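Here is a short briefing for a first look at this model. Start with the structure itself, then take the topics one by one.

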Amino acid sequence: MKRFWFAVALMFLAAFPARAEITVQEVTSPGGIKAWLVEEHSIPFTALEIRFRGGAALDAPDKRGAINLMMATLEEGAGDMDAQAFAEAREALAASYRFNVYDDVATISARFLTENRDEAIDLLKLALTSPRFDPDAIDRVREQVLSIIRSEETDPADVAGKTFDRLAWGDHPYGSSRNGTIETVTALTREDVVDAHARVFGKDRLYVAATGDITAQELGVLLDKLLADLPPNASVPLPPRADYQLEPGITVVPFDTPQSVALFGHRGIKRDDPDYIPAFILNEIFGGRGLESRLMRELREKRGLTYGISTSLLPMEFGELVIGQVRSDNARMGESIDLIRQEWARIAREGVTEQELEEAKTYLTGAYPLRFDGNAPIARILVGMQMIGLPRDYIRTRNDLVRAVTLEEINRIAGRIYQPDQLHFVVVGQPEGVTSAN
Amino acid sequence: MKRLALAVMSTIGLAWPVLAAEVTTFRLDNGMDVVVLEDHRAPVVVHMVWYRVGAADEPPGKSGIAHFLEHLLFKGTDDLEAGELSAIVARNGGSDNAFTSWDYTAYFQRIAADRLELVMQMEADRMRDLRMTPEDVATERQVVLEERGQRVDSEPNALFREQKNAAQYLNHPYGIPVIGWRHEMEKLNRDDAFSFYRRYYAPNNAILVVAGDVQPDEVLELAKKHYGPLAPTPDLEPRARPQEPPQLAERRMTFTDARIAQPYITRSYLAPERDAGDQFAAARLEMLAAVLGGDAATSVLGRKLQFDQQKAIYVNASYDGMSLDDTTFGLVIVPTPGLPLEEAEAALDQAIAEFVEEGVDPEQFARIKMQLRAARIYEDDNIESLARDYGSGLTSGLTVEDIQAWPDILQSVTEQDVLDAAKEIFVRDRAVTGWAMPQAGDAQ
């Protein structure tokens with residue numbers, strides 16, 4: 001019994017006692033597959049979120065892009081259906097399946113009506129466990145992926161991201177795009193795609209959450225039907241830790257565009273670090289909260305240097321970054337960089353004020369319940385919690401953890417999170433007066 | 001086998017109960033419309049004010065003023081410092097933002113339901129009592145210029161779209177970009193903003209949409225208290241923009257930009273929009289776009305050009321009928337690398353011609369209708385998106401009844417209606433065709 005809406009307004013709960021609770025159940029299927037469930041029977045559909053730890057970082061050496069291509073081809077024919085027959089069947093059910101892959105995780109997001117839940121699950125199971133990977137389907141999807149890669153090569157923000165990753169992570173999979181390159185993707189064979197499937201899908205790396213019009217017992221049956229036939233183990237171990245290799249400095253990538261894009265940052269903090277929550281609040285104040293952040297005030301509100309600037313903590317599985325992004329006209333990028341350096345040094349030196357901390361806390365604690373605003377968002381939150389090892393009652397305790405952070409704690413770590421002498425800027429454009437330097 | 005399953009599903013589909021959110025409407029004495037959508041699953045509310053004014057209502061030479069003013073609405077009032085409204089919303093755990101289109105300007109907050117009055121009080125305050133210092137105006141002009149730099153000047157596809165729109169509309173202001181032409185944006189000033197503001201930001205030109213865990217009578221009481229005392233603009237005339245003359249010749253353009261990674265073609269045709277009490281023509285076009293575009297594996301253009309002939313890596317058809325004045329029906333094709341644009345365009349025309357000969361596949365048509373029925377169930381999970389439908393519909397000249405009737409009108413469209421619509425819309429003399437490519441020689 002996890003009631004977490006209480007954080008919003010006790011007064012309101014008193015007035016409408018039955019409305020505002022969400023109960024997270026842990027379901028174990030007869031076959032032993034675990035999932036978290038929130039039952040929500042008022043709308044006759046279910047959102048199902050399935051994740052596999054690993055993702056595109058499991059690509060074989062020289063086969064960069066194979067896992068991305070595999071995930072994009074899952075729906076292009078399965079069992080005795082080719083791509084067109086599969087799509088017809090899915091449309092007739094009005095179900096949707098989305099397959100995505102990120103560096104650390106492969107995701108399947110499904111949505112289906114209560115009326116035809118069994119058929120929708122049968123069809124999803126075919127795509128997951130019996131994909132055909134027909135050569136013509138692979139070629140068709142490959143052309144689309146190549147088209148995306150070509151577009152990224154002429155997009156300044158993508159160029160900045162790829163450059164930063166390459167400089168920061170070198171030969172580790174984090175150092176290159178999960179889409180692969182024109183060369184690697186062109187060379188991928190059907191065998192590579194089949195091998196990629198075995199690298200990703202194993203019950204040892206599986207996490208599941210469901211929200212919607214389904215009972216715990218029904219979900220247990222569904223889990224076995226959908227997932228029991230997966231291999232017990234994925235075929236390769238998880239990747240090693242990534243070494244951060246970037247020295248402080250500036251890298252300018254010349255690019256013909258009126259406005260420069262800059263990515264900037266340095267080493268970050270792990271998600272399981274005991275100081276993660278203070279660090280998260282610190283980042284909210286510095287560059288996380290839209291118009292309210294320090295960087296937005298200094299660069300946008302006071303000086304009109306940019307339409308947007310933000311920073312984030314990026315705790316990946318095998319490496320961590322503190323990273324930010326800004327765009328400014330070529331003539332003004334130099335001024336933006338100087339200000340970012342100043343603010344980086346100021347927060348490292350002085351930390352934040354009591355008032356900034358209090359405002360961030362009231363924002364974060366008030367905004368947290370508002371994230372749970374639909375079946376799919378709730379399922380995504382639940383599966384994400386499982387993957388980082390948070391307990392089910394974290395939903396209830398999370399705001400208390402935020403409230404408990406003291407100014408002393410947060411200012412003690414400010415110099416550890418923000419290291420002005422470690423900053424590296426990757427600037428793509430023709431920034432006036434800004435040159436590469438280490 | 002599959003056909004049988006489909007027939008069964010359609011029957012079930014027709015029997016589904018209508019679950020749509022409870023909708024209640026009021027009008028305040030000063031002319032402000034109020035729409036309340038109830039969703040009591042979580043104690044959250046979305047509070048929106050939609051003004052019946054957008055970029056297409058700007059005075060000549062002042063392009064971008066509607067959007068610039070939207071930014072300036074965050075610069076304070078007689079009671080609020082610059083940025084204070086957003087700061088108060090954030091301190092209460094909420095989020096806020098605003099957006100501008102050709103037909104509307106909207107402001108919204110999403111917050112715990114018991115804070116509704118707080119945001120309503122602040123939103124009402126800035127409807128009539130805006131203050132802005134010359135310094136704030138000057139800084140914010142730099143911000144919108146940077147926004148144009150980011151969203152348009154750095155995006156060759158956006159530049160191409162801007163040029164195509166300008167060619168589409170010879171006379172109607174839909175041909176002018178919402179964010180504005182740079183040379184005009186640079187000269188926008190405080191007086192421009194204030195005169196636009198004083199005329200159009202008034203209760204009789206606004207629609208309040210409140211969606212979430214609220215009771216309609218409580219919303220009405222709060223609206224009377226906070227918006228009720230505001231003075232209307234007395235001489236506000238109905239919106240009448242310059243309309244398009246008949247198009248007598250196809251317009252073609254070639255756009256080159258080194259940042260375009262691969263050549264592609266867009267084609268657009270001037271098309272009727274959804275009109276109050278008269279949405280059938282738009283419904284036919286919406287169904288036509290679904291038949292031609294949609295999923296590549298099941299749609300007409302996807303099958304012909306991506307699967308059967310492999311002449312395209314991407315192809316689509318699009319139509320959005322939510323518009324105050326005439327809208328467009330669009331086609332796009334990204335050819336397979338190496339295929340000349342001329343051949344790609346011929347293949348696209350050929351595919352359309354074949355479709356008009358062959359007619360609509362009844363199985364595909366039944367699947368589209370099934371998905372539309374299911375969409376009504378899925379969309380009940382997202383009250384905010386429903387609230388946007390009402391806001392954009394009401395500022396585009398539709399009534400609540402029109403918005404509620406739309407799903408049934410879509411279901412009433414037949415295969416023959418779609419075919420008739422195709423024959424009427426695909427007339428080259430009424431088209432704008434654009435080729436986008438990295439450099440001049442790349443078309444061949």
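In this predicted model, 14 residues of domain 1 of chain A are in contact with 13 residues of domain 2 of chain A. Contact here puts two C-beta atoms, placed from the backbone, within 7 Å. Domain bounds come from an automatic or database domain assignment.

Reading notes

- Residues are numbered from 1 along each chain as its sequence is written, while chains are lettered from A and ligands numbered from 1 in the order in which they are written.
- Because the model is predicted, local features need pLDDT of at least 70 and side-chain atom pairs count only at pLDDT 80 or more, while totals for chains, interfaces and linings use all residues.
- Helices (H or I, at least four residues) and strands (E, at least two) are DSSP runs, numbered from the N terminus.

The two domains of chain A

- Helix 6 (residues 156–169) of chain A gives the largest share of the domain 1 side, with 9 residues.
- That side of domain 1 holds 9 nonpolar, 2 polar and 3 charged residues.
- Domain 1 of chain A covers 25–227, and domain 2 covers 249–371 + 390–429.
- Their centres, taken over C-alpha atoms, are separated by 31 Å.

A sheet in chain A

- Six strands of chain A form an open sheet with mixed pairing, in the order 1-2-8-3-7-6.
- Strand 1 (25–28) and strand 6 (96–101) of chain A have a single partner strand each, so they stand at the edges with one side lacking a neighbour in the sheet.
- On average, neighbouring strands of this sheet are turned by 20° against each other, direction ignored.
- Strand 1 of chain A runs antiparallel to strand 2 (residues 34–39) of chain A, and 4 bridges join them.
- Pairing of two strands requires at least two bridges found by DSSP.
- A:Val27 has A:Ala35 in strand 2 of chain A as its bridge partner.
- Helix 2 (residues 66–73) of chain A packs on the sheet and touches strand 6 and strand 7 (105–113) of chain A.
- The direction of helix 2 makes about 180° with that of strand 6 of chain A.
- The hairpin of strands 1 and 2 of chain A has 5 residues between the strands, and A:Gly32 there takes a positive phi near 95°.

Two crossing helices in chain A

- Helix 10 (residues 276–288) and helix 13 (residues 354–367) of chain A have axes that come within 10 Å and cross at roughly 105°.
- Axes are lines fitted to C-alpha atoms, for helices over the stretch in contact, and angles run from 0 to 180 degrees between N-to-C directions.
- Helix 10 and helix 13 of chain A are therefore roughly perpendicular, a term for 65 to 115 degrees; under 35 is roughly parallel, over 145 roughly antiparallel, and the rest oblique.
- A:Ile281, A:Glu284 and A:Ile285 in helix 10 meet A:Glu356, A:Ala360 and A:Leu364 in helix 13 of chain A.
- That contact has 4 nonpolar, no polar and 2 charged residues.

Where the chains meet

- The contact between the chains takes 60 residues from chain A and 57 residues from chain B.
- Helix 5 of chain B gives the most to the chain B side, with 9 residues.
- By class, the chain B side has 23 nonpolar, 18 polar and 16 charged residues.
- Helix 3 (residues 83–93) of chain A packs against helix 13 of chain B at about 45°, with axes 7 Å apart.
- That angle makes the two helices oblique.
- A:Glu88, A:Glu91 and A:Ala92 meet B:Arg367, B:Met370 and B:Gln371 there.

A hairpin in chain B

- Strand 4 (residues 95–100) and strand 5 of chain B pair antiparallel over 6 bridges.
- A hairpin of 4 residues joins strand 4 to strand 5 of chain B.
- B:Asn97 has B:Phe108 in strand 5 as its bridge partner.

Confidence

- The model scores ipTM 0.90 and pTM 0.92.
- Chain B has a mean pLDDT (the predictor's confidence in each residue, from 0 to 100) of 93, and 95% of its residues reach 70 or more.
- Residues 1–19 of chain B stay under 50 in pLDDT.
- Where pLDDT is low, the predicted coordinates should not be read in detail.

Methods:
Ala, Val, Leu, Ile, Met, Phe, Trp, Tyr, Cys and Pro count as nonpolar, Asp, Glu, Lys and Arg as charged, and the others, Gly among them, as polar.
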